[in-house]
Structures are given as structure tokens and as C-alpha cells.
Amino acid sequence: MSGAGVMRIVVGAPGMGKSRLLAELERRLVRVLPPVTVRSFGLRVLGPSLLGRLCEALGVGPTGTDAEVAFAIADGLSREARQRPLVLLIDDLDSADARSAALLEAAIELAPRPLPLLVVAACRDSQASDPLRLEELDD
């Protein structure tokens, strides 16, 4: 992975195979790429609080103002991605609570560039009202 962070969203109808695609991507990333850290979050199964699980995985606290939490997540993403390329796989993004989605978006925007970070999320097409903006993170 180069240092240019990227986010992509897989959109489709229920039962189309989005979860299977993410699972296969995770399997191949771990097997094929040089050392890479993969963090996987299945929101429909584990509940909508992406924020709490992301903060726990990155070792940052989910408390404080939204700006403080976004900066803490950005710092955690940066710290982890600088050790080894980081891939976040987020299934059922449409199930995320609004605060978690907004803070993840803010944290990605705040993260320093270049950063070896790939975020791949899946959501239902009926919910694809741009839960997070698709964009390259290196502007």
C-alpha cells in the first residue's frame, strides 16, 4: 500500500454478497500483502456503535467533545498506520449511528497525509445516501 489513504464504499441490495466480499478481501489481504493490520467491524451483528469499537481497537477514549474524539481517532489511525499499513473493513455501514459515521469521516479528514490507510465499507443501496463521502484521502 502506498502512503495515499483511500476510502471506498461497496453498495448493493441485501443478500448481494457485500459481506462475503469484505470477508474475502480480509482473507486475501492478510495472506497476500506484506505485514498489514486489518480491523474488521460488522455493525449489523455487533450493534451500531462503530465509535466505541473503533476507539477500543485504536486504544483511544470515546469521551470528550466530538472534535476531541475525532482528533483522538485520527491520531490512533495515524499511529497504527505508521507502524504497518492499516485496512479498516466496515460491514453494514448503513447500521452505524449518525455520530459514529460523522466522527469517522472527520477523523479520516483530520488524519495526516500521506498515510497507508484503506477504508472499505459496505452498505445497502437503499441506505446509500452518502453515509461517508467517497474521496481519496490525499487530496
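# A chat about a four-stranded open sheet

Student: Hi! What is the strand order in the sheet, and how do the strands pair?
Tutor: The order is β1-β4-β3-β2 in an open sheet of 4 strands, and the pairing is parallel. Keep in mind that this is a predicted model.

Student: Which strands stand at the edges?
Tutor: Those are β1 (6–12) and β2 (37–42). Each has a single partner strand, so one side of each has no neighbour in the sheet.

Student: And what is the average twist from one strand to the next?
Tutor: The twist averages 10 degrees from strand to strand.

Student: Let me zoom out. How many helices and strands are in the chain?
Tutor: The chain has 5 helices and 4 strands. Starting at the N terminus, the elements read β-α-β-α-α-α-β-α-β.

Student: What share of the residues is buried?
Tutor: Of the 139 residues in the chain, 44% are buried. The accessible surface of the chain is about 6,900 Å², and carbon and sulfur atoms account for 56% of that surface.

Student: What about contacts between residues at least 6 apart in sequence: what percentage join residues at least 24 apart?
Tutor: Among those contacts, 79% join residues at least 24 apart.

Student: Back to the sheet. Over how many bridges do β2 and β3 pair?
Tutor: β2 and strand β3 (residues 86–91) pair over 6 bridges, in the parallel sense. If you want a place to look, Val38 stands opposite Val87 in β3.

Student: And how many bridges link β3 and β4?
Tutor: β3 and β4 pair over 5 bridges, again in the parallel sense. Here Leu88 has Val119 in β4 as its bridge partner.

Student: How many residues of β3 are buried?
Tutor: 6 of its 6 residues are buried. Side chains in a regular strand alternate between the two faces of the sheet. In β3 both faces are covered, with Leu86, Leu88 and Ile90 buried on one side and Val87, Leu89 and Asp91 buried on the other.

Student: Which strands does α4 lie across?
Tutor: Helix α4 (residues 66–83) lies across β2, β3 and β4 (117–124). Relative to β3, α4 runs at about 125 degrees.

Student: Switching to α3: which of its residues are buried?
Tutor: In helix α3 (residues 50–58), the buried ones are Leu50, Leu51, Arg53, Leu54, Cys55 and Leu58.

Student: What does Ala57 touch, leaving out residues up to four places away in sequence?
Tutor: Ala57 touches Arg39, Phe41 and Glu80. The C-alpha atoms of Ala57 and Leu77 are separated by 9.8 Å, and these two residues are 20 apart along the chain.

Student: How many disulfides does the structure hold?
Tutor: The structure holds 0 disulfides. As for individual cysteines, Cys55 is buried, with a relative accessible area of 0%. Cys123 also counts as buried, at 1% relative accessibility.

Student: Where is Ser100 found?
Tutor: Ser100 is in helix α5 (residues 98–110). At 2% relative accessibility, Ser100 counts as buried.

Student: Which residue does the side chain of Ser100 make a polar contact with?
Tutor: With the side chain of Asp97, in a polar contact of 2.7 Å.

Student: Now the backbone. Which residues does the cis peptide bond join?
Tutor: The cis bond joins Arg113 and Pro114, with omega about -5 degrees. Pro114 lies in the loop between α5 and β4.

Student: And what is phi at Asp92?
Tutor: Phi of Asp92 is near 60 degrees, which is positive in a residue other than glycine. Most residues other than glycine have a negative phi, and most peptide bonds are trans.

Student: Where does Asp92 sit, and is it buried or exposed?
Tutor: Asp92 sits in the loop between β3 and α5. Asp92 counts as buried because its relative accessibility is 10%, and the cut-off for buried is under 20%.

Technical notes:
Residues numbered from 1 in each chain as written. Predicted model: local features only at pLDDT ≥ 70, side-chain atom pairs only at ≥ 80, totals over all residues. Heavy atoms only, no water. Buried < 20%, exposed > 50% of the residue type's maximum accessible area, 1.4 Å probe, protein only. Helix = DSSP H or I, 4+ residues; strand = E, 2+ residues; numbered from the N terminus. Disulfide = S-S within 2.5 Å. Contact = heavy atoms within 4.5 Å. Areas by Shrake-Rupley, 256 points an atom, 1.4 Å probe, with all protein chains shown as cover. Pairing = 2+ DSSP bridges. Axes fitted to C-alpha atoms, helices over the stretch in contact; angles between N-to-C directions. Polar contact = N/O pair within 3.5 Å; in protein donor to acceptor, adjacent residues only side chain to side chain.
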